[in-house]
Amino acid sequence: MNAMSKTRYSYVDKNPTRHGKIRYYLRRYGRRIRLPDDIDSEEFAVAYWKARNAVEKERGSVDGPDRVLAAVKQNTFRWLCVLYLSSSDYLRLDDSTRAKRRAIIDSMCLEPLTLREGDKRLIADVPLPLFNAGHVEGLRDRKLKTPFAADERLKVLRQILDTRGPDGKPIVHNVARTVKPFRKQTEGHHTITPSEIERFIQHHGERSKAVLAMALMMFTGFRVSDLAVIGPQHRRGDVFHLRLFKNRNRTPVDVVMPLHPILGAVLASYPVKGMTYMQTEHGKAYSVKGLGNRISDWFDQAGLPHCTAHSVRKGLATDQAHNGATDLMLEAMFGWKDGKTSKIYTRNAEQARLARHAIDTIAWDGIGAKLLALGGER
């Protein structure tokens, strides 16, 4: 007999198999949808909200803000979260971003107010007039072991507390903006080098699907989300026309990118029957996640586990900057708008060029020549 028990997600049951494994299912309106096995993972949250939204849409009874607000205590943190989830700032986000953000909000609302044993009060029920920086710091610090997740909580809290009422004014003072993030400093993704690209090509072979992906990344700088959709339909002669996937709903960016001759030669040697250049073994287009996983596998197989698709993007921008590309050129190529990102690469390249010129100006009134003479006497 299956023992069914409720989980912290609404309408989700867990079902132990006869082998002792736990299976999770969304049960709603007679539908039963299998979910990923790790309920604490990001993958689970994304799959849950995708399935939940689908069945609610089919039923035609998606919970509106008024209905949800009636079920929560007014002027509490949970009430403000519900208002944020019905705001245009949230609804304009991509589906995957909304699912991740919703998962973070759910996890915060389920946090206990204190860590004292027996205290069953939740952060969600704190009245807004009493919600202060201490509550924000507590929610942040409970992710102390994962600084990135802690900062993500803080980022979402700032957005929630920025929610405005019908009069257009903030409902509460945003105390989250007085709390500092951990911001664990890293250099980010590794920047791939020409020798690493050469190693990748040698391992997989010039006619492989892996090298086709590498060539597309090397000469376009596309993210995986764009690499998964780019295909012959985006090519007009020797020019690609593509709306970038990132921020396509909020601040869409359309790029017009001339085809590099080398990439053109590579594409000519790879016959494509479908709508995308990158296809599975079954001739189907990759999902963004599926292609990302496949590229990671290709790097691992080539002995380059520290490299990612973003490593190639960074390597391309670095190569272009060191070969004279300007800020405006990089912004046109990569679809950057604020000018900050391009300056990361052009500033570094300019520093290297200026340093080389500076070295050439060292004179020391000829004293250096005496050092050369001393060296020759040995």
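1. Asp-125 is partly exposed, with 42% relative accessible area; the term covers values between buried (under 20%) and exposed (over 50%), computed with a 1.4 Å probe on protein chains only. The model is predicted, so local features need pLDDT of at least 70 and side-chain atom pairs count only at pLDDT 80 or more, while totals for chains, interfaces and linings use all residues. Residues are numbered from 1 along each chain as its sequence is written, and side-chain values use heavy atoms, with hydrogens and water left out.

2. Asp-125 makes a salt bridge with Arg-78 at 3.7 Å, N to O. This pair links distant parts of the chain, 47 residues apart: Asp-125 lies in the loop between α5 (95-109) and α6 (133-141), and Arg-78 in helix α3 (residues 77-85). Helices here are DSSP runs (H or I, at least four residues), numbered from the N terminus. Arg-78 is also partly exposed, at 27% relative accessibility.

3. A salt bridge here is a side-chain nitrogen of Lys or Arg within 4 Å of a carboxyl oxygen of Asp or Glu. By this rule there are 18 salt bridges.

4. Arg-34 and Asp-37 form another of these pairs, with their closest N and O atoms 3.0 Å apart. Arg-34 is partly exposed at 43%, and Asp-37 is partly exposed at 41%. Both belong to a network of salt bridges that links Arg-23, Arg-34 and Asp-37.

5. Asp-119 and Arg-116 meet in a salt bridge at 3.6 Å, N to O. Asp-119 is buried, with a relative accessible area of 15%, whereas Arg-116 is exposed at 56%.

Conventions: Helix = DSSP H or I, 4+ residues; strand = E, 2+ residues; numbered from the N terminus.
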